[in-house]
Amino acid sequence: MNFSQPIIEPFDYIVFGGTGDLAKRKLLPALYHRDLDGQLPETSRIIGSARAEMTRKAFQTLVQKSLEEFVGPDALDKTVLKRFLDRLYFISCDATAARGWPDLAKLLNHEPRAIRVFYLATSPELYGTIADNIHAHKLQTPETRIVLEKPIGHDLASAREINDRVGAVFEERNIFRIDHYLGKETVQNLLVLRFANSLFEPVWNHNGIDHVQITVSETVGVEERGGYYDHTGAMRDMIQNHLMQLLCLVAIEPPSTLDREAVRDEKIKVLKSLAPITQNEISTKTVRGQYRAGAINGGPVKAYADEKDIVPGSTTETFAALKVEVKNWRWAGVPFYLRSGKRLPEKVSEIVIQFKPVPYWIFPTGSDHAQPNRLVIRVQPNEHIRLHLWTKEPGPGGLRLRNAPLNLSFAETFKGHLPDAYERLLMDVVRGNATLFMRRDEVEAAWEWTESILDAWKNSGERPKLYTAGTWGPSEAIAMIVRDNRTWFDEQAGDFPGD
Ligand SMILES: NC(=O)C1=CN([C@@H]2O[C@H](COP(=O)(O)OP(=O)(O)OC[C@H]3O[C@@H](n4cnc5c(N)ncnc54)[C@H](OP(=O)(O)O)[C@@H]3O)[C@@H](O)[C@H]2O)C=CC1
Ligand SMILES: O=C1O[C@H](COP(=O)(O)O)[C@@H](O)[C@H](O)[C@H]1O
């Protein structure tokens with residue numbers, strides 16, 4: 001992994017789906033921020049593409065509006081904004097037809113840049129066809145990369161098909177399968193936390209750790225993405241990729257170097273060690289839910305079933321909780337509890353490492369040592385790492401113990417803007433650094449494991465359990481962990497103090 005910021009060569013970034021939600025909310029704001037930091041070479045161009053007929057001027061206006069909304073007025077610098085808008089071009093092109101491709105070829109070849117990036121921010125069904133068209137129209141240079149957004153496919157078979165088709169056109173080193181969680185500062189920091197600090201490794205195993213919790217909760221519903229979400233669900237949208245990647249980084253063995261293959265080799269070993277969840281186990285090791293009407297931040301919100309573009313009677317899950325076992329020497333007997341959902345009470349992404357209690361409690365007070373040390377890694381928001389320790393409460397007259405955290409707050413420790421995950425990842429593609437991207441076998445192994453659960457859910461014929469919007473999912477998710485004499489971290493008062 002490269003920690004310095006090498007000079008970026010001039011590039012052309014071609015964003016298929018350049019008018020879509022992801023491009024407007026994330027990709028273009030991320031590129032703007034890199035421009036603001038002076039990282040984009042003067043001659044670099046950004047070319048949006050979609051089927052819509054649109055002039056270059058109209059695209060520039062659309063992007064300006066998106067930047068005003070998603071970058072915010074404080075970071076919108078007039079000079080940089082003008083420079084950024086001047087980089088923009090638009091080509092109307094249908095990925096599945098002949099229209100537009102010759103125009104794209106003409107624009108790219110007129111003044112070729114050293115590096116070309118094709119970013120596919122479209123539905124995954126189009127990935128193979130876009131790769132074929134790039135090849136057919138001879139748009140590849142030796143330094144051309146392709147970025148595939150998640151989810152890559154809908155299941156293992158479609159993921160393999162995409163990988164085969166894209167792999168027939170691009171070498172694996174030029175295929176960047178993005179999972180934006182890997183670009184989050186706090187996620188990148190997992191490797192540093194584990195492998196640059198000597199104190200954790202001796203206890204980072206079944207001897208020291210009781211269990212691990214990974215929560216990625218959102219307050220939003222499906223918003224305008226009902227059409228996409230209703231045939232995707234929480235398992236495919238979040239667990240198969242983001243939560244699996246977090247689990248891998250908590251569980252991996254130390255790679256011998258930070259070389260991209262070394263890190264990915266260790267991640268694949270974790271994925272291959274996941275115990276499959278069988279049909280008989282789905283009722284005890286998995287819970288899926290769907291939100292009904294409720295309240296978020298004091299305001300009423302409608303049920304999933306009543307959101308735009310949701311099929312009547314939909315059985316799509318908007319919440320999933322799983323008990324996962326990693327079958328290897330390090331993690332024997334240490335469950336990983338995962339959960340993710342929409343319309344939950346808070347937007348929090350967090351990893352909790354619950355250590356085991358001391359073998360014998362000698363203190364007269366604070367004897368509820370049922371709450372042993374805990375390391376809380378807050379991925380977002382209010383990024384922090386908190387190590388909860390027992391400590392003596394100062395004062396005379398006896399020995400009173402208090403469980404208090406050592407707090408490393410990112411905002412207090414590192415002043416300044418924490419870059420969005422996409423900022424780092426989009427530039428890594430230009431640099432050709434794929435360490436924070438997924439290799440083909442990782443994606444397929446994650447699908448293989450996930451698919452058996454999806455199949456078991458389907459075969460069970462059961463509907464997802466309903467939960468009220470604004471609560472922590474169905475009560476079955478609480479029961480799942482309570483059966484093991486454990487609780488989700490959020491259920492205890494004061495879990496998220498001041499957050
Ligand atoms: N939105 C998000 O927060 C996230 C999205 N993703 C992934 O990113 C991808 C895009 O998502 P999102 O932006 O939400 O989707 P949208 O539906 O908002 O945008 C889709 C884009 O693709 C274009 N498009 C559709 N069909 C074609 C076609 N045949 N040829 C060329 N362009 C086409 C659309 O424009 P037009 O109709 O004019 O052609 C539009 O620009 C998906 O794979 C999604 O899973 C991943 C993470 C987060
Ligand atoms: O990939 C996705 O991620 C977002 C959540 O991302 P975050 O960075 O805000 O945690 C999620 O809303 C979306 O459904 C999913 O496609």
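Me: Which residues is Thr19 in contact with, leaving aside its neighbours within four places in sequence?

Reply: Two residues are in contact if their C-beta atoms, placed from the backbone, lie within 7 Å. Set aside the neighbours within four places in sequence, and Thr19 is in contact with Gly48, Ala50, Ala52 and Leu62. Bear in mind that this is a predicted model: local features need pLDDT of at least 70, side-chain atom pairs count only at pLDDT 80 or more, and totals for chains, interfaces and linings use all residues. Residues are numbered from 1 along each chain as its sequence is written, while chains are lettered from A and ligands numbered from 1 in the order in which they are written.

Me: Where is the place of Thr19?

Reply: Helices (H or I, at least four residues) and strands (E, at least two) are DSSP runs, numbered from the N terminus. Thr19 sits in the loop between β1 and α1, the latter spanning 21-36.

Me: Does Thr19 count as buried or exposed, and why?

Reply: You count C-beta atoms, placed from the backbone: a residue is buried if 20 or more others lie within 10 Å of its own, exposed if 12 or fewer, and partly exposed in between. Thr19 counts as buried because it has 21 C-beta neighbours inside 10 Å.

Me: Which residues does the UniProt annotation "binding site" cover?

Reply: UniProt positions are given in the numbering used here, with shortened feature names, and annotations may be inferred rather than shown by experiment. In the unreviewed UniProt entry, "binding site" covers Gly17, Gly18, Thr19, Gly20, Asp21, Leu22, Ala23, Lys24, Arg51 and Lys150. Take Lys24, which is found in helix α1. Lys24 is buried because 21 other C-beta atoms lie within 10 Å, and it touches Ser66 and Phe70, not counting residues up to four places away in sequence.

Me: What order do the six strands of the open sheet have?

Reply: Strands of a sheet pair through backbone hydrogen bonds, either parallel or antiparallel. In practice, two strands pair if DSSP finds at least two bridges between them. The order here is β3-β2-β1-β4-β5-β6, with parallel pairing. At the edges are β3 (88-92) and β6 (175-177), each of which pairs on one side only. For angles, axes are lines fitted to C-alpha atoms, for helices over the stretch in contact, and values run from 0 to 180 degrees between N-to-C directions. The twist of this sheet averages 20 degrees from one strand to the next.

Me: How many bridges does β2 have with β3, and which residue is the bridge partner of Ser49?

Reply: β2 (residues 45-50) and β3 pair over five bridges in the parallel sense, and Ser49 has Ile91 of β3 as its bridge partner.

Me: Which strands does helix α4 touch?

Reply: Helix α4 (residues 101-110) packs on the sheet and touches β1 (11-16), β2, β3 and β4 (115-120), with a direction about 155 degrees from that of β3. Helix α13 (residues 421-431) also packs on the sheet, touching β1, β4, β5 (144-148) and β6, and makes about 135 degrees with the direction of β4.

Me: What does the domain assignment of the chain give?

Reply: Domain bounds come from an automatic or database domain assignment. It gives domain 1 (11-149) and domain 2 (182-491), with 33 Å between their centres, taken over C-alpha atoms. Between them, 13 residues of domain 1 are in contact with 11 residues of domain 2. On the side of domain 1 that touches domain 2, α1 gives the most, with seven residues.

Me: Where does His242 lie, and for what does UniProt list it?

Reply: The unreviewed UniProt entry lists His242 for "active site", and this residue lies in helix α9 (residues 233-251). His242 counts as buried because it has 22 C-beta neighbours inside 10 Å. Beyond four places in sequence, His242 is in contact with Asp179, Tyr181 and Val216.

Me: In what order do the nine strands of the other open sheet come?

Reply: This sheet runs β16-β15-β14-β13-β7-β12-β11-β8-β17, and its pairing is mixed. The edges are β16 (401-409) and β17 (465-468), each with a single partner strand, so one side of each has no neighbour in the sheet. Inside the order, six bridges join β13 (residues 348-355) to β14 (residues 374-380), which run antiparallel. One pair to click on is Glu350 with its bridge partner in β14, Arg378.
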